[in-house]
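Here is a short briefing to read beside the model. Please have a look at the fold, then follow the points below.

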Amino acid sequence: MNSKRLFFAALAVSAIAFSTTIAEPMAGETPTDHLPPHITQVAWFGERADWSPDGRKILFLSKTFGDAMEIDLATKTIRNLTAHYPQHGYTRALYLTNGDILLSGPESFDPKKTGEARGECFLYVLDKSLTKPAVPLGTKCSEGPAVSRSRMHIAWTHVAAEYPAEMPAGSSRMQEADIIYADGKPKLASQKLIISSTNLPFKCTLETQNFRPPEEKELTFSAYGYQGTDVCGVNLETKKVVDYSNSPGQYDEPEGIYPDGQFTLVECDKQNHQGPNHVDLWKLKLDGSGQYERLTFFSDYPGYKASNPVVSDDGKFIAFQMAVSKDAAGVGHGIFIYDIGKAAKTPR
């Protein structure tokens, strides 16, 4: 090889090394410093996003025990939906199929006991007119409820600490019910038990996640504490439970689900096995094959993670949040949109 070819070969190697170096996170950088073209930040604060059925808006919380906010993606306008009445803040906000909003929040709040307050949340329905306070549904909810995308139907979890006289210590159970309206006021109807943790062949704490589309005959749930935490599903008719992740020693928490029901998004530490404070978003096939695909790389930046994803009803976009490892689960620092089609064309 002549000297000229050697020079250009060396230059090419240097260029590759340089490009690799600058792609690596540097001290003080955050995931927002190197967002790929298929990820866009749409809000610089907030957490726990939810897509409107038409995909034009995103509902989210300003903070844990904060207000329910809504961003119009076309105009980038953000409005506060719960500022018109006194309340103690909310931990969840989800669209119902009729346009009303399901909220979860405490009846009282002591800022020195936030952990207790998260475990003492009740469900409410906020009228889409935004002219009156949210109406309580009369039931507690542990962590997040699941909301049907096709009917006025929800599922939620009770834990033994909430009903010590009715439930064995350390147990949890999932309930489901319709939301109906009587004299214009929402209430629960046809309430029934889905499954109790005491019915499972393994020990865990339950949390409802998503009704599996399109038939919604199955509910995905988190099996906290089992093999690290696993992605499971329960058939709402037969009560048969399937462990879809079955990954001992790995943290797998299902969140958003794809509209065809074939995949779910998972908060997962498969890339580092450092636990729930160091997760990224992975796509898991719901056939028991254990087929995963990593979608985000926020945990490559020390002290950060990506969490709480949800898929739009057309299956084209994912909304999620950036989170900080040291914060409590669910706390977010901005809302992002992942363009699935654009991601497929982006070199890895």
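Two strands count as paired if DSSP finds at least two bridges between them, and strands here are DSSP runs of E with at least two residues, numbered from the N terminus. This is a predicted model, in which local features need pLDDT of at least 70, side-chain atom pairs count only at pLDDT 80 or more, and totals for chains, interfaces and linings use all residues. Residues are numbered from 1 along each chain as its sequence is written, and side-chain values use heavy atoms, leaving out hydrogens and water.

**An open sheet**
- Four strands form an open sheet in the order S10-S11-S12-S13, with antiparallel pairing.
- S10 (146-147) and S13 (185-196) are the edge strands, each with a single partner strand, so one side of each lacks a neighbour in the sheet.
- Between them in the order, S11 (residues 153-159) and S12 (residues 172-182) pair in the antiparallel sense over seven bridges.
- His158 sits opposite Arg173 in S12.

**Nonpolar cores**
- A nonpolar core is a set of buried Ala, Val, Leu, Ile, Met, Phe, Trp, Tyr and Cys residues joined through side-chain atoms within 4.5 Å; buried means under 20% relative accessible area, exposed over 50%, and partly exposed in between (1.4 Å probe, protein chains only).
- The largest core has 18 residues, and Tyr258, Leu295, Ile318, Phe320 and Tyr338 touch the most other members.
- S19 (263-268), S22 (304-311), S23 (317-324) and S24 (335-339) each supply at least two residues of this core, and S23 gives the most, with four.
- Beyond its neighbours within four places in sequence, Phe320 has contacts (heavy atoms within 4.5 Å) that include Ile39, Leu281, Phe298 and Tyr338.

**Salt bridges**
- A salt bridge is a side-chain nitrogen of Lys or Arg within 4 Å of a carboxyl oxygen of Asp or Glu, and by this rule the count comes to 13.
- Arg149 and Asp50 meet at 3.7 Å, N to O; Arg149 lies in the loop between S10 and S11 and Asp50 in S2 (residues 47-51), so the pair ties together parts that are 99 residues apart in sequence.
- Arg149 is partly exposed at 33% relative accessible area, whereas Asp50 is buried at 6%.
- Arg92 bridges to Glu143, with the closest N and O atoms 3.2 Å apart; Arg92 is in S6 (residues 92-95) and Glu143 in the loop between S9 (135-140) and S10, 51 residues apart.
- Arg92 counts as buried at 10% relative accessibility, while Glu143 is partly exposed at 29%.
- Salt bridges that share partners join Asp50, Arg149 and Asp313 into one network.
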